[in-house]
Amino acid sequence: MVNRECGVFFSTYAADMRLFPLPLTRWTMVGIAGLGFVVFPLVASDYFLNIANLVCIAAVGAIGLNLLVGYTGQISVGHGAFIAAGAYAGALVVTRAGLPFWIALPFGGLMAAVVGAFFGIPSLRIKGLYLAIATLAAQFIIEWLIIHIEWISGGAESTVTVPKAAIGPWVLDTLLEQYFLNLIVLSLAIVFAMNLVRSPIGRAFIAIRDRDVAAEVIGVNLFRYKLLAFAVSSFYAGVTGILYALYLGAANYEQFDIATSIDFLAMIIIGGLGSILGSVFGAFFITVLPMALRVAVDGAVTAALFLFPAANISHVVQSMTAVKLILFGGLIIVFLIVEPEGLNKLWRNIKDYFRVWPYSY
Amino acid sequence: MKGSKWLVTVVASIAGLLAFTLIGAPVADGQSKEPIRFGIMYDQTGPTSVWGVPIVAGARDYTRLVNKKGGINGHPIEWVEHEMGYKVPTAIEGYERFKAAKVVAFWAWGTPIIYALWERATTDKIPATTPGFGRADAADGERYRYVFPMAASYWSQAGAGVKFIMDQWKKEGKTGKPKIAFLYWDNPAGREPFPILEKLQKQEGFQFKSWAVPTPGLEMSAQVQDIVRRYRADWVITHIWSKAPAISIKEFKRLGFPMNRVVSFVWGAAEHDMIAAGWDVAEGYYGMQFAGVGADYPVHREIAQMYKEEGKTPPKEMFEISVGYNRGMLWVGVMIEAARLALDKYGWPLDGAKLQKGFEMIDGVRGLEGVAPQLKITPKDHEGGGYVQIFQTRGGKIVPATDWFHGYRDVVLEAVYATKEGKK
């Protein structure tokens, strides 16, 4: 491959500042977009479209968390709560005010951003694990508020039923239409995040992550940029929440609990901290791995019953199902040992290999 | 490079297992007719796994028994199984699997999952059964055409609990009105009975106060102390689950509260709760059930016989966690009954729309006499009457304390149909 910088010269600032300066990268991007927007929808069944939808939605949230944790170095365990805040804000705007979804998307995002920035205030005084515990509080406070304030939750069930997204008379009610919606939002999220992290704001984030005292000395306003990081990250979380609500037809806080926050942290750690592409890889990995394991375990059950017909089915299924959790944890450990810097590093290794291929020097 | 070898091994083994699943499809036992497929979604690794294990064991054994006896008019029953660990994305994946496999009906498991799936199920015309999970107003069959709670909802349980207490109060010849305390899990499912309890308080004039148990439900000594010492409740209704019921039993015992003044909703009175609390500690404890308890019903003898013929022993859940095991039989039994009715009336091939009609014709569950109540599902009432039976823990066993009954049905139904106008 000729994916190298050698011999590419720019004669204008605009050309130098392009998101993808190399022609080959641009063509690769066009190819990937073609796969995502044209080829996959043509060949995929509902089953795979559903998985793709879930991955797209999760990827938006993972990118947001990576901006906060991976780029700015502020650990947050409250991502699930910010997703819930966005989901309910968006759902209420759609149901009570009757506004269309394309207003609810930014509105829910902004609402989550406000909430996130508020819970980000402790980050000015505390760091690391201490901050993690402070953001954990957000998880409990927001959950409690949603359950107990009926104006938000809409009654004892704490669930707001959301109509499907619609553009005028066109209702996006098939999985395919929803896939396009989610993919477009994800594309926007990726492009925005990639531009953000190479802007002055992104450089300020990275400076804070690497050494906040040094950042302050060179003139980065910590108060402003830390809260900004929380706000941007929560905006992404809020958008994720509304996408979930639109996709599932209901905003229900139970699916945005502490386990969700941990899942999102796992996505960015496995995908690669401080990497946009890694967030997408991580979202894919964490969403699809349980499904792949389920298929494997079903296969193992069939195999076991085939080999030992005398065994009790219920017991075989139970023991094999338990193996699934062990495998899930085990595979995460394996991936982290093989590549501590995440799936993104694996991808870079592959690229580096082909960059000098066929000569290894 | 070492890493990539690892990867190759992992990917290869997963691919190998995949191939095995595709090739080694289940072999039908000599039955030639096309199978009827049910989607069975359950949790054996998540927070509700303590129920998932016995319920699925019961459902599986009952399905095998029906298949052994020739299936439904010769059509064997086939499961598309999906273990989802109480996670919504995994559950939706399962639903899409069900849809691709053309199931005629499926179990939905867990309140958040029902919310995420009922609309899709309605669009795709696949009936979903949601026994014992949230959303009491889904009993309104005209509004939720493809959702079948088919067992007493939390609202019906609230009605039955109050009726039981009022009956006991009268039976003991006491005057005045009882003081009732309600100990509930502080989440939507836990708070769901409130509208009914509050309405009944106004109607019946008893004293009523409630105490919340926060997640994860492991600490409730302050609440119990308050109920016993300060409020001095005459009766306690508990609506808690997972490890919490055993803890509540121990706390009430510790403060000397009589155990036969506590009545639990359906998720708080299984054998595993008694084992965790100690059978002697729980002596006298009342619990509500929407399926029979114990392994003495005729269907259990048939299942034991089936295992004997195969030269195996029945799973231990059948005897040790019969509450869950029997619920599993009931849940799948209702689906089988619906399929049988639909097949008799509309004939092969079955689909979701026909099965929906089949569910609405259910009047009692054949083959599960005793385990199932006199379930009567109608196009208007998808709950099937909201029957429960109250059992008591006595001498290391859970024994019946009442017959099947429902309490304040008028109040419950009024609430079910009122929500239609109330919201949106």
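**Close-up views of chain B and its contacts**

**View 1. Salt bridges between chain B and chain A.** In this predicted model, six salt bridges are counted between chain B and chain A. In one of the salt bridges, the side chain of B:R97 meets that of A:D298, with 3.9 Å from N to O. Across the interface of chain B and chain A there are also eight residue pairs in polar contact, both residues being at pLDDT 80 or more.

**View 2. The side of chain B that touches chain A.** The elements of chain B that give two or more residues to this side include α1 (2-23), α2 (49-68) and β2 (77-83), and α1(B) gives the most, with eight residues. By class, this side of chain B holds 20 nonpolar, nine polar and 22 charged residues.

**View 3. Extent of the interface between the chains.** Contact involves 51 residues of chain B and 54 residues of chain A, and the two chains bury about 4,500 Å² between them, with 60% of that area on carbon and sulfur atoms. Within chain B, the residues that lose the most area to chain A are B:E93, B:Y115 and B:P188, which together account for 14% of what that side buries.

**View 4. The two domains of chain B.** Chain B is divided into domain 1 (31-152 + 295-359) and domain 2 (154-289 + 388-408), whose centres, taken over C-alpha atoms, are separated by 29 Å. Between these domains about 1,500 Å² is buried, 61% of it from carbon and sulfur atoms, and in domain 1 the residues B:W51, B:A152 and B:R327 lose the most area to domain 2. The interface of the two domains has zero salt bridges, but seven residue pairs are found in polar contact across it, both residues being at pLDDT 80 or more.

Notes
Residues are numbered from 1 along each chain as its sequence is written. Chains are lettered from A and ligands numbered from 1 in the order in which they are written. This is a predicted model: local features need pLDDT of at least 70, side-chain atom pairs count only at pLDDT 80 or more; totals for chains, interfaces and linings use all residues. Side-chain values use heavy atoms; hydrogens and water are left out. Contact means heavy atoms within 4.5 Å. Buried area is the accessible area (1.4 Å probe) that two parts lose on being put together, summed over both. A salt bridge is a side-chain nitrogen of Lys or Arg within 4 Å of a carboxyl oxygen of Asp or Glu. A polar contact is a pair of N or O atoms within 3.5 Å; within protein, one must be able to donate a hydrogen and the other to accept it, and residues adjacent in sequence count only if both atoms are side-chain atoms. Helices (H or I, at least four residues) and strands (E, at least two) are DSSP runs, numbered from the N terminus. Ala, Val, Leu, Ile, Met, Phe, Trp, Tyr, Cys and Pro count as nonpolar, Asp, Glu, Lys and Arg as charged, and the others, Gly among them, as polar. Domain bounds come from an automatic or database domain assignment.
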